[in-house]
Amino acid sequence: MEKLLEMQGITKEFPGVKALDQVNLTVYGGEVHALIGENGAGKSTLMKIMNGVYQPTSGRIFVKGREVAIENVKKAQTLGISIVFQELNLCGHLSVADNIFLGRLPSKRGLVTDSRLYEEAKGILDMLELHLDPHTQVRYLSVAEKQMVEIAKAVSQNADVIVFDEPTSSLTDTEIDHLFRVIGMLRDQKKGICYISHRMEELERIADRVTVLRDGQYIDTFRYRDTTIDQLIKLMVGRELEDKYPRHKRTIGDVVLKVKNVRRQGVVDVKEFELRRGEILGVAGLVGSGRTETMRIIFGADKCDSAEIWLEGKQVQFKSPKQAIESGVAYLTEDRKENGLALSKDILFNINMASHELMAKYGIIDDRKMEESARKYVDLLSIKTPSLHQKAMNLSGGNMQKVVLGKWLLRNAKVMIFDEPTRGIDVGAKFEIYKLMNELSDKGISIIMISSELPEVLGMSDRILVFREGKISGVLEAHEAEQVKILELATGVAGRNQETERRYE
Ligand code: ADP
Ligand code: MG
């Protein structure tokens with residue numbers, strides 16, 4: 001196998017963070033080289049250095065044995081290196097063909113010929129089994145199709161090394177199958193593929209070799225068939241994961257939240273449920289079963305036809321999330337990036353975000369107090385950051401989640417609603433979030449956890465509410481619940497149901 005590219009001792013320092021520390025990577029032609037590691041391990045940074053997006057602080061790069069400097073993306077392309085970015089960067093108003101050849105339109109004696117452009121584009125698209133008219137404007141394509149256009153772009157540039165950074169995060173199963181076929185095809189053409197993923201099950205399908213990064217450190221490289229998933233996970237997180245769910249004995253108190261007759265025509269019709277002090281109440285159900293809708297109504301975020309709510313025995317009515325928050329109810333949304341955080345603001349701001357009036361004396365924000373509380377929760381939650389002034393968008397997923405938590409803890413929340421708290425977070429960070437939830441419940445905080453991951457619901461909850469078609473179809477004690485039982489309640493179908501089980505994963 002030909003050694004296409006070698007990165008030696010790559011170190012990258014951002015202000016206050018060492019993102020990479022002496023990392024090595026060798027890519028051969030005809031292989032899929034998976035790069036794995038928890039969020040924040042440095043995978044994307046390494047790939048951006050390979051593609052000229054960032055310059056390394058130190059280290060050497062060789063392309064086909066020759067040492068090179070990759071000053072920018074253009075230079076990387078000239079050297080035969082391409083990246084299919086996580087956040088795709090295509091021009092929506094241009095055609096597929098224009099995007100494929102952007103910046104280097106094919107020419108005949110110096111003149112661009114449209115027909116040749118479309119012909120070439122069509123050839124590449126066909127090869128990728130993408131049956132699209134090259135004249136179509138890119139903005140009309142699905143995410144998967146856009147990704148294929150990016151791949152077509154790399155192919156048309158004759159790239160030897162093609163990098164995929166978490167390409168499957170927003171694809172359906174069928175689209176993933178297509179992507180993997182295309183990657184297999186590129187491998188057969190002796191391209192070197194770098195593949196970043198945090199979904200371990202994908203490795204089984206495509207990885208030839210695997211490099212593990214942890215906290216910016218190079219751990220090791222293996223032939224995939226010489227290792228096991230367990231071994232790789234252990235190396236990724238740097239400790240044994242004998243128990244995925246930190247079980248512990250909880251003391252459950254009186255009813256804190258009582259809910260009755262939550263209704264919205266055609267969406268939810270919930271008779272009643274209760275939440276006790278220090279309890280973790282799991283909420284299971286298929287996507288669209290009314291779990292999030294019910295909780296949003298309780299939180300005052302959505303309109304409803306009726307909702308009767310008692311908080312610590314007192315009847316309340318939240319007309320807005322603001323009122324819910326003031327009464328000590330917090331809602332941690334599924335989409336941290338969109339709803340939970342001000343991404344361009346720093347940690348200091350984000351933690352204090354919901355508590356500004358608590359921080360203000362005579363209408364003036366008390367900077368010292370804000371710093372103190374931000375520092376307190378950064379320490380308490382072990383948020384990994386060089387300073388309080390790190391922007392939220394530069395944090396890894398698990399640490400973003402912790403900042404959101406810090407924000408609510410500072411508000412003295414009594415009831416916390418978590419909506420898919422660990423979605424898109426890797427194994428190690430998940431464990432940290434679970435430990436935090438346990439600590440919160442020890443402090444007497446009551447938690448409602450909406451989750452589509454059944455093992456998580458079973459592993460963390462004291463009781464489980466199951467939703468189906470807008471109603472509660474069952475309430476289970478976690479210790480007597482099992483996956484099959486929850487699925488039956490969620491689908492209304494007795495026995496094992498392969499299809500739904502798969503959707504749950
Ligand atoms: P991964 O892709 O493995 O999740 P990244 O390469 O994105 O990890 O990040 C590695 C580390 O570098 C993280 O601590 C992240 O916060 C930090 N980082 C990444 N990009 C920047 C940046 N532009 N500025 C400051 N810090 C950054
Ligand atoms: Mg990344």
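This is a predicted model: local features need pLDDT of at least 70, side-chain atom pairs count only at pLDDT 80 or more; totals for chains, interfaces and linings use all residues.
Which strands and helices do the buried residues of H5 pack against? Residues are numbered from 1 along each chain as its sequence is written, chains are lettered from A and ligands numbered from 1 in the order in which they are written, and side-chain values use heavy atoms, with hydrogens and water left out.

**View 1. Helix H5 and its surroundings.** Helix H5 covers residues 143-156; helices (H or I, at least four residues) and strands (E, at least two) are DSSP runs, numbered from the N terminus. The 14 residues of H5 reach 20 Å from first C-alpha to last, close to the 20 Å expected at 1.5 Å a residue, where the expected span is 1.5 Å times one less than the number of residues. In H5, 11 of the 14 residues are buried (under 20% relative accessible area, with exposed over 50% and partly exposed in between; 1.4 Å probe, protein chains only). To answer the opening question, these buried residues pack against strands S6 (81-84) and S9 (161-165) and helices H3 (96-100), H4 (114-127) and H6 (173-188). After H5 comes Asn158, with a positive phi near 60 degrees.

**View 2. H5 against H6.** The two helices pack at an angle of about 10 degrees, with axes 11 Å apart; axes are lines fitted to C-alpha atoms over the stretch in contact, and angles run from 0 to 180 degrees between N-to-C directions. H5 and H6 are therefore roughly parallel (angles under 35 degrees). Ala144, Gln147, Met148, Ile151 and Val155 of H5 make the contact with Glu175, His178, Leu179, Val182 and Leu186 of H6, contact meaning heavy atoms within 4.5 Å.

**View 3. Strand S21 between its partners.** All is covered here: 5 of the 5 residues of S21 (415-419) are buried. Val415, Ile417 and Asp419 point one way, and Met416 and Phe418 the other. S21 pairs in the parallel sense with S18 (residues 329-332) over 4 bridges and with S22 (residues 446-450) over 5 bridges; pairing needs at least two DSSP bridges. Leu332 stands opposite Phe418, and Val415 opposite Ser446.

**View 4. Two loop residues with positive phi.** Ser382, in the loop between H14 (367-380) and H15 (397-410), has phi near 45 degrees and is partly exposed at 46% relative accessible area. Glu469 lies in the loop between S23 (463-468) and S24 (471-477); its phi is near 45 degrees, and Glu469 counts as exposed at 66%.

Methods: Angles under 35 degrees count as roughly parallel, over 145 as roughly antiparallel, 65 to 115 as roughly perpendicular and the rest as oblique.
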